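Hi,

Here is the structure I promised to pass on to you. Have a look at it first, and then read my notes below.

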Amino acid sequence: MTLMKISIKRTDFYKFFFFLFVFFLPFQTRKVFLTDYSFYTGSFTEYGTVFLYLSDIFFLLAFLSFAIFNRNILKNGLAEAKIKSGKSAPRRFFVPFLALVGIYFLSSLLHPTYLEIGLFRSFKMAEALLLVFLIFCTFRDKRILITSLFTLILSASFQSIIAIYQFLYQKSVFISPFLHKLTGETILGPDLPGIAKIGEGSEKMIRAYGTFPHPNLLGGFLLLSLFISLYLYLEHKRDYLSSTFLRDHKSINAFNKRIIPIFWIVLFTSQFIAFFLSFSRSAWLGLMIAIFILAVLDLFYIKIVSRETILSGLKHKHRELSISLAILLISLLPNISLIANRTFQDIGGNHARSQSESVLPSNNTFSDRAFFNNVSRETISRYPLLGSGPGTSIFQIQPYLSERNRKINLESWQYQPPHVIYMLSTAETGLIGLALLLCLILYPISKAFREIVSRETILSDKIFKSVFLSIFIAFLFIGLFDHYFLTLQQGQLIFWIVLGILLI
């Protein structure tokens with residue numbers, strides 16, 4: 001095989017750093033900056049601490065090199081973002097985004113007690129704005145877009161292999177303290193407190209984490225990567241990879257016949273299995289919703305299934321996908337009882353209390369989340385316009401209990417934000433912050449839907465927009481049950497990446 005020689009120009013620096021940013025997005029490699037609230041709960045408190053992640057550094061380098069060496073693209077993007085009218089009208093997105101960042105900083109300044117935490121969260125929202133803007137400026141170059149997506153699914157495949165090992169051996173992959181710090185992998189074990197587990201009684205098994213802080217985040221990330229993998233498989237499964245690494249036709253043909261099928265089978269199989277081993281119910285439901293949305297869009301607007309039936313397509317044209325699904329089913333059979341147990345865990349019985357009865361957190365998923373939501377409602381009633389300040393949700397729990405004469409010392413795990421991102425946004429940045437966030441959510445959705453139904457949009461673009469619209473709606477659904485899209489590094493990044501892609 002004849003390999004291509006790779007050279008990097010100054011104008012390509014940002015691409016190099018951005019691809020590194022995408023690959024290392026799942027890693028928890030970070031520098032910890034302790035605050036006065038880092039041990040607020042009696043032990044280390046994630047939500048009371050400031051972090052600088054390796055992915056932050058790669059993104060900052062990507063944006064700075066883009067701004068310095070690609071000024072023409074930057075100027076064009078800024079000019080388009082200022083347009084008051086037109087087909088894309090990006091102004092209607094970026095103006096509310098700038099306003100939301102301003103609300104974050106203003107709300108932080110209004111609550112100086114938690115100023116460090118508030119400013120940190122405000123800068124994270126400013127980083128999200130820069131990330132979306134960079135995507136808006138650069139992803140119209142299809143080569144950059146597709147390379148970024150391939151980088152993400154390669155990272156997801158690596159995460160999947162780690163996750164499968166963790167579940168099979170019920171322990172962390174990296175034993176060395178240096179590798180633990182380098183990857184940020186959580187120290188795992190079925191007997192360790194604070195680790196997400198499944199099973200009943202003494203038969204407890206840890207859920208797969210990858211290098212994420214929680215299995216639910218792994219599930220959300222793999223939901224994204226699975227749909228991206230499906231899109232790339234259907235649209236670019238051969239041409240892109242072979243043309244990237246090879247240049248003569250004989251080598252390309254051999255590569256396509258021998259390497260490409262193995263690549264896709266390993267990619268799909270590892271991600272499918274790890275996705276289920278995360279045992280994230282919200283991600284499972286999100287997957288079903290994304291599939292349903294994509295099927296509806298295909299039925300009414302895309303109509304790619306009419307080219308060939310699904311069964312014949314899987315049998316002949318998409319054999320790699322068929323083999324991956326077969327391997328998935330075989331691998332899940334021994335764990336079917338665990339999947340059933342996890343699916344119906346905490347549903348029904350005496351534990352499933354109503355929200356009005358949930359005064360104290362227990363060890364039950366639904367009653368705990370009802371408690372956090374009740375705290376949030378109380379916070380909203382006290383700070384309706386601008387909220388209690390970004391990142392301050394956990395600090396509202398003790399005042400909530402004090403008002404009800406509950407003088408108890410909670411466990412550290414009992415200090416959590418509300419598990420609904422819309423309620424969390426309202427509690428921390430007020431009704432104004434929620435309104436701006438909804439503007440950022442609704443505009444890309446309406447824009448993508450208009451492009452999908454338009455007769456002027458070519459088929460490949462319809463497929464692309466439909467896939468990412470399905471993912472984003474699934475994320476919005478998951479946001480009804482989890483908070484990581486607004487609170488945790490990896491969750492924030494994947495949320496804003498998908499939203500940015502819907503804009504291009």
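Let's start with Trp496: leaving out residues up to four places away in sequence, this residue touches Phe97, Met125, Ala128, Leu131, Val132, Leu437 and Leu440 (contact means heavy atoms within 4.5 Å). Before you go further, note that this is a predicted model, where local features need pLDDT of at least 70 and side-chain atom pairs count only at pLDDT 80 or more, while totals for chains, interfaces and linings use all residues. Residues are numbered from 1 along each chain as its sequence is written, and side-chain values use heavy atoms, with hydrogens and water left out.

Now the core. Which residues touch the most other members of the largest nonpolar core? They are Phe21, Phe97, Leu149, Phe468, Phe475 and Trp496, out of 135 residues in that core. Its largest share, 13 residues, comes from α17. A separate core has five residues, including Leu188, Ile195, Ala196 and Tyr209. By nonpolar core I mean a set of buried Ala, Val, Leu, Ile, Met, Phe, Trp, Tyr and Cys residues joined through side-chain atoms within 4.5 Å. Buried is under 20% relative accessible area, exposed is over 50%, and partly exposed is in between (1.4 Å probe, protein chains only).

Next, the rings. Searching the whole structure gives 55 aromatic pairs. Rings of Phe, Tyr and Trp (its six-membered ring) pair if their centres lie within 6.5 Å; planes under 30 degrees apart are stacked, over 60 edge-to-face, and the rest tilted.

Take Phe24 and Phe58: their ring centres are 5.6 Å apart and the planes are at 35°, so this pair is tilted. Phe24 is in the loop between α1 (13-23) and β1 (30-33), and Phe58 is in helix α2 (residues 54-69), 34 residues apart. (Helices, H or I with at least four residues, and strands, E with at least two, are DSSP runs numbered from the N terminus.) Phe24 is partly exposed at 25%, whereas Phe58 is buried at 14% relative accessibility.

Tyr301 and Phe449 have ring centres 5.7 Å apart and planes at 85°, so they are edge-to-face. Tyr301 belongs to helix α11 (residues 281-302) and Phe449 to helix α17 (residues 421-453), 148 residues apart.

Ring pairs also build a cluster, with Phe93, Phe97, Phe136, Tyr443 and Trp496 among its members.

Lastly, Arg140 sits over the face of Phe136, 4.6 Å from the ring centre. That label needs NZ of Lys or CZ of Arg within 6 Å of the ring centre and within 35 degrees of the ring normal.

Cheers
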